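Please examine the sequence and the model shown below. The paragraphs that follow start from a single residue and then widen to the chain as a whole.

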Amino acid sequence: MKMKKWLSMALATTLAVGLTACGGSGGDSGSAAAADPKLKEDKTPVTIQYWHAHAENQLEGLNYMIGEFSKKYPHITVEPVFQGGYPDLHKKLQAAVAAGDVPAVTNVEVSSLPNFADSGVFADLTPWIERDKVNTDDFSKGMLNAYAYNGKQYGFPLIVSTSVFVYNQTMLDKLGVQPPQTWDEIDGFNQKVALKESGKTKRYAFAVPGWDAWYSDPWLINGGGKILTDDMAKSAVETPESLRYLENFKRWIDEGSMQMGYGKGASDNMRQMFLSGQIAMVQHTSAMLKTYRENADFEVGVSFLPGDKNRTSNIGGAGIVMMEGAKEKEKEAAWKFIEFMTSADNNIKWAESVGYLPTRKSAIESKEGAKYFERWPQYRAVYEHFDNVTPRMQHPAYPEFSAVYNEVMGGMVLNHEDPVALMKEAAKKVNEILADYE
């Protein structure tokens, strides 16, 4: 069952009665009322739950942040509740909405925000932002927009990643080449870096993951294509502009320059091939940089994705949002927690502790930010293109229809099928899915 349909059924019986089951004043409270200055100054003790999907290696940073928050707001107790990975967390949020018993604040994976927001599950943060005069321009524009939908700001970026090219700098320096910055430079890069013996590739120039559309979508967009038409009513993945990247992928794979993995174990295989020198450069999440640096016996470099008609890379990770069904007082406490967790004051320390990207321009430009880049010079490539890190396609059905057109990668890699023909067939299925969301 599609998430939107599931949520609509739950909300029909939950939001319609004002979410009284969870003790809130529901629809009568509204976001604007919850941003009342009187609540801002109320110091009566309150406890809120923070549902999250933070992995074990992020817990030390999370506990530090909650501890610092408690010092600033001793009347607010935050109970962190691990709910598994993003799919498990989202399922539990659906169940909580249906039961009318929701946490005050939660993580949400970036591509799933439109579906939940479209169904009225999350609170619009705009009244709090305006009341407390939060400088939203301090965020990367793309990072902030990833948690906005239909003109409303539902959340802030919390753990942010983007896909980048991680490369073997020792190898490329020895070969006397630099990572390509444009599509026009890729063929020349391939000729100098790819290594073939007896017709078989011994070293690939680069790798692009085929297991998630998050990696290939920027290629489609950078080639001048679109995922959907401008009115978001029909598929556009089959247009000539949108197929350019696929035609290149097929050519680069056939000539033995590009490696693409698809299916179980593909990520681990790509990583091991890179670390063993079988691939010179891999497209991967920036959150993996620490892992690469710790395991490589060569110097690791990072480059932003090469551009053509456009130059972008999509945002990954999760944001932090407030649940619409929380009580008014819990919402005020949730807002304080959201603002604290994403503030410039702790931005560098938080990002480094969890292995994700800083999100505040003022933090990046501070003395602490300068020291951060001394420790992690590879991230400069991302921040040179800070505003080119953009949201994924914002449509409630995106998680569903992106999985459909991403199957084309599997057909191309595993079965050596023509990706252009496959994408044209996938577009028909995408349109069928979109019809259910009209």
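Leaving aside neighbours within four places in sequence, His-90 is in contact (heavy atoms within 4.5 Å) with Val-108, Glu-109, Ser-112 and Phe-116. His-90 belongs to helix H5, residues 86-99, where helices (H or I, at least four residues) and strands (E, at least two) are DSSP runs numbered from the N terminus. Because its relative accessibility is 6%, His-90 counts as buried; buried means under 20% relative accessible area and exposed over 50%, with partly exposed in between (1.4 Å probe, protein chains only). The model is predicted: local features need pLDDT of at least 70 and side-chain atom pairs count only at pLDDT 80 or more, while totals for chains, interfaces and linings use all residues. Residues are numbered from 1 along each chain as its sequence is written, and side-chain values use heavy atoms, with hydrogens and water left out.

Leu-113 is one of the residues that touch the most other members of the largest nonpolar core, which has 53 residues; the others are Phe-122, Val-282, Tyr-292, Tyr-379 and Tyr-383. A second, separate core of 47 residues includes Trp-183, Ala-213, Ile-227 and Ala-397. A nonpolar core here is a set of buried Ala, Val, Leu, Ile, Met, Phe, Trp, Tyr and Cys residues joined through side-chain atoms within 4.5 Å. In soluble globular proteins, nonpolar side chains tend to be buried together.

Helix H10 (residues 186-193) has Ile-186, Phe-189, Asn-190 and Val-193 as its buried residues. These residues line one face of H10, because they fall within an arc of 100 degrees when seen down its axis; the arc is that of the directions from the helix axis to the C-beta atoms. The face turned away from the buried side of H10 carries the exposed residues Gln-191 and Lys-192.

Helices H12 (residues 240-254) and H21 (residues 419-435) pack at an angle of about 145 degrees, with their axes 9 Å apart. Axes are lines fitted to C-alpha atoms, for helices over the stretch in contact, and angles run from 0 to 180 degrees between N-to-C directions. From H12, Leu-243, Tyr-245, Leu-246, Glu-247 and Lys-250 meet Pro-419, Val-420, Met-423 and Lys-424 of H21.

Overall, the protein chain has 21 helices and 14 strands. Buried residues make up 57% of its 438 residues.
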